[in-house]
Every structure is written in C-alpha cells, then in structure tokens.
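Hi,

Here is the structure I promised to pass on.

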Amino acid sequence: MNLNRRTFLRGLAGSSMLAAGGCFSIGKGKGKIRLACVGALGKGYSDWMPMLQSGMAELVAICDADSDVLGVIAAREDFKALGIDITKIPFYTDYRKLMDDAGMLGIQAMTISTPDHIHGPVAISAMKQGINVYVQKPLVRTLWELEYFNKAAKDNGVIVQMGNQGSSLDSMRRCTEILQSGIIGDVTEVHVWTNRPVWPQGKAVCDWVKGHPNGDGTTRKTLNWDAWLGTAKNRPFLGEYGKDVKAYDPWNLGRNVYHRFTWRGFYDFGCGAFGDMACHTMNLAFRGLELGTVTDAECVKIEEKNDIAYPTKSVVKMTYAARDSKIRKGVKLPAVTLFWYDGFDETKPGKSGNKPGPAVMPKVVKCFGEVPDTGCYIIGSKGAVLMQDDYGSKCAIALNDEQKFIDVFAHEACKAVPRSIPFCAGSKTVDGKSTVEMKGFAEGHYTEFLHAIRGDGNYYDQTHSQCFADIEYCVPQMEGILVGCIAQQVPGKLKWDCTKQSFCGNAAAQALVKPFIREGWAF
C-alpha cells in the first residue's frame, strides 16, 4: 500500500511548524535519489544538471527523441566535471520504453522537460508508478490532462514541483506575504504582460505548414519523429522555414519549424506565449491574491489569428471569482479581472510590442520613465504592486498617497508585515533591495524538490507540501492559463464551469478540452 505523503504531511501541519525559516523532517532518505530525465538538452539540461550537482541525485536514465543529445551533453565542461560516463547510462528515444523499464531501473524521480504536449503523458505515466516528478511549465497542455494529472498525483502520493523557478525567490515569497496581508486593500484589477513569443507564430507559420502537406523532403537521422510526436496526430516532419517566410527570431533560435524549440507556437504541441510565460509572470498575482476559480475568458485583441499556430499578438481578459481568504480568516476577497498581453515588437528584437500603456499605469511611467518590458501590475484600493521582470526578483509597492514605488524589502509599511513563508536558499537582499542571480534561485527550486523527496525540506502551509510549486498551487494556476489559451483560439466570451469541466454550451471551446491521443499512445 502506498503511503500518501501529502495526506500524511497535512496531518502534521497542525503542529504549527511554520515559523519563518522553520522546517521539520519525516526522516532523511539514505543514498542518492535515482533520477531519470525526459528531455535532455535546453531546459531539460538546466533542470537535471543542478540536481546532479547538488550531490543528492544520480542520473540513471536519459530519454530524448533525438539521440544527437548524447554527444552534445558529453562534450559540455560542466558535465565532464561530474566524471560520469554517459555511455553507461541507459538511453531511450521513446518514453514508453523508459516507463516499461522504470521499475527495473529503480527510478525514484523524473524531470520532464519536453514539448508541452508530452508533459502530461509522461508525468501521469510516471506518477502511476509512484515516481516523483519535476515538470516544466506549463504543467500540461489541456484541461482534461490537468484534471487527470491532479488525480494521479493525489492517488499515488507523489512529490510534484512545477518548473516556475521564480517561486523560490525571496522577493517573490516576501511580496506574496505582503499582498496576502491586505496592505493595498481590495484588488479587482491585474495586468500581466510579456515580450514573448520569441519564436515564429501567426499566419506565416500557418501558411507554411499548409503549403507543405507532404513534408519538405528533409529528415533528421538522429530524430525518432514518431516518439517526438507522441500522442499528437501523425504528420510529416518539416525542417526549416523557407527564406521567403517571415519567421520572427530575435534570440537566434534558428528557422526550425518544429524541432528544436520552435514547436511552442503550434496549438498541437505548445501553449504559445501564454502557456510559456504566465506560469512565471502571473505567479505573484495568483499567490498573493489567493486566486482560484476562473469563471470566464475572452480574447479582446488578436492579430494573425489562424487554425494552426497561436497569434502574433493578443490580449485576453479573464475573471477570477470572489473567494474567502485562507490567510485572513473571515475576509471575503472580491472578484478580479486579469488582463494578459503577449506579442513582440518587430522593430526592437526581443522587446514587447503589446503591453499596458501609461493610461493603465501612470504612476509607473512617472516613476520609471516607461512600462517595464515584462511584468505584473496589481491594482488595489489602497495602493499598487509592480513586478518588473518575469520571475519576481524586482517587486515594488506604492500606496495611494506615495509618488514613487519602493522595493518591498525597503518600504516602511511592508516591514510591519510578519514573515510566514520560509525562504528558499539561493536568493538574497542587498542594501534593502531584492536581487538575485538566475543560477542561485533556480538551484534552490530544484533542490527543494529533492529535499521534499527525502523529507527534510521546508514545509509550506499554503501548498500543504514541501514543494512551493506543488499541485495545490500549480493545478489551479494552470487551469486559468489553459482557459485563456482556448480563448485565443475560440472567439467570444467563454464561460467556464470548473466543477463540470465545461465551457457551458460552447462546442468549439469544449472540443479543445481533451487532447487528441494517437493510437498506441494512451496513458
């Protein structure tokens, strides 16, 4: 019989072990955690490598649809420093075969850093075998998979951590406490924006794919295309966009159509800019405002809408329902209207071309000279909070009678808000301002996952877990994001009933709730 760790820990929560910085242990594990990675390069590499470098895990299996990754990994200096012979590690191109061997390999934990459409199938298959999972954002691609994921995690009592690394920042956690205190009053409006996409999307992508129904004659000998497709509908491989195609590429990712990385703009494989970045940029608002149920969503602005790829620009308006505060007992929190903006500026590579203007954020413009290129703005009846980056390393507050935004660690009113969320190692405060290096806070997020598996990490009352981005947080956050992604595809105001998993009579939206699952790839 499996011990349901989450239920067990929830029972222990009553012992009030949640003082700032406090933790408790359910018994440290012996030996290194046996780790497998699915998706080995790119984000995958930066997910599993810190876990090995921590000394708490050993890599016992590698899975990637492209066998070319092995040579690339072996040649990297940081991998060489580990003294690992990569030829001795079992390698798979098909994750189903890895799952068949998981018991024999003794896999205890798995990183899943694949195209979005593979997250759910791999993670759910792993959790059914009792394997703890670190899953890159977005957690899954569809609402049906999200409900399935949640059930599999609870039924099997596994540890889950979603890969929104900003959750480990001191500044993110501190600003969450400050928002939860009610210091800026009733919040009814939030604006969140990004400079993504930085990969091709829109009509040019749609036209290119439709213009090559039989493929473009290219193949990659090292790529198991069938395994890369996984559950998705079968289709021919497409290599690179033609020179006549305007493929936006500010980060020099290449002109790849699907592989590597540029799959994200396709409905069948990714969740576009919304799914990619909202798990980061909405993080503070979702946690700090205790958001939960999304009741409706509508795409109120869209450019280059088509039926294959996400638009080049969009604004999605969403409503989060009124709710009872779990932090301030007896307080009713009002409904929140959240605006999401995505889109690039073709004249300034890598910069946002679609964000709230001075009319929405006059004090921000007066204080900083312009609206930051990416961020989150939370408007309350007594003040506002501004997150000035993707992850929450720069958080500032201005009350209504104040002309300037002040860092949350330096603001006098914020200093009176008590600490309640333990900080995660890796970030720091310097001269009264929050600051962080990517490497530091990312490592903290990964090792938190490993400590949770060992049972010797911080316990978080808000997630009833030893992971701050566990299912009690990341599942409801993902629900709103995925409803928003469907609003980018289906016009009009969509009403969502989460209890029935229904778009209330909208057949076009309802058809997108469950993914296509190719024969032989059920999970």
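Below is what turned up on helix packing and on the cysteines.

Keep in mind that this is a predicted model.

Let's start with helix H7 (residues 143-156), which packs against helix H6 (residues 116-128): their axes come within 9 Å and cross at roughly 20°. An angle under 35 degrees counts as roughly parallel, so that is how H6 and H7 lie to each other. The crossing of H6 past H7 is left-handed. On the H6 side, the residues in contact include His117, Pro121, Ile124 and Met127, and on the H7 side Tyr148, Phe149 and Ala152 are among them. Sorted by class, this contact has eight nonpolar, three polar and two charged residues.

H7 also meets helix H16 (residues 471-487), again with axes that come within 9 Å, but here the crossing is at roughly 170°. That makes H7 and H16 roughly antiparallel. H7 brings Leu143, Leu146, Phe149, Asn150, Ala153 and Lys154 to this contact, while Val475, Met478 and Leu482 are among the residues from H16.

Now the cysteines. How many disulfides are there in the whole structure? The search finds zero. Take Cys376: its sulfur is 8.8 Å from the closest cysteine sulfur, that of Cys395, which is too far for a bond. Cys376 counts as buried, at 0% relative accessibility. Cys414 is in no disulfide either, and the nearest cysteine sulfur, in Cys175, is 7.3 Å away. Cys414 is buried too, with a relative accessible area of 1%.

Cheers

Key:
Residues numbered from 1 in each chain as written. Predicted model: local features only at pLDDT ≥ 70, side-chain atom pairs only at ≥ 80, totals over all residues. Heavy atoms only, no water. Axes fitted to C-alpha atoms, helices over the stretch in contact; angles between N-to-C directions. Helix = DSSP H or I, 4+ residues; strand = E, 2+ residues; numbered from the N terminus. Parallel < 35°, antiparallel > 145°, perpendicular 65-115°, else oblique. Left-handed = near helix turned anticlockwise from the far one by under 90°. Contact = heavy atoms within 4.5 Å. Nonpolar A, V, L, I, M, F, W, Y, C, P; charged D, E, K, R; others polar. Disulfide = S-S within 2.5 Å. Buried < 20%, exposed > 50% of the residue type's maximum accessible area, 1.4 Å probe, protein only.
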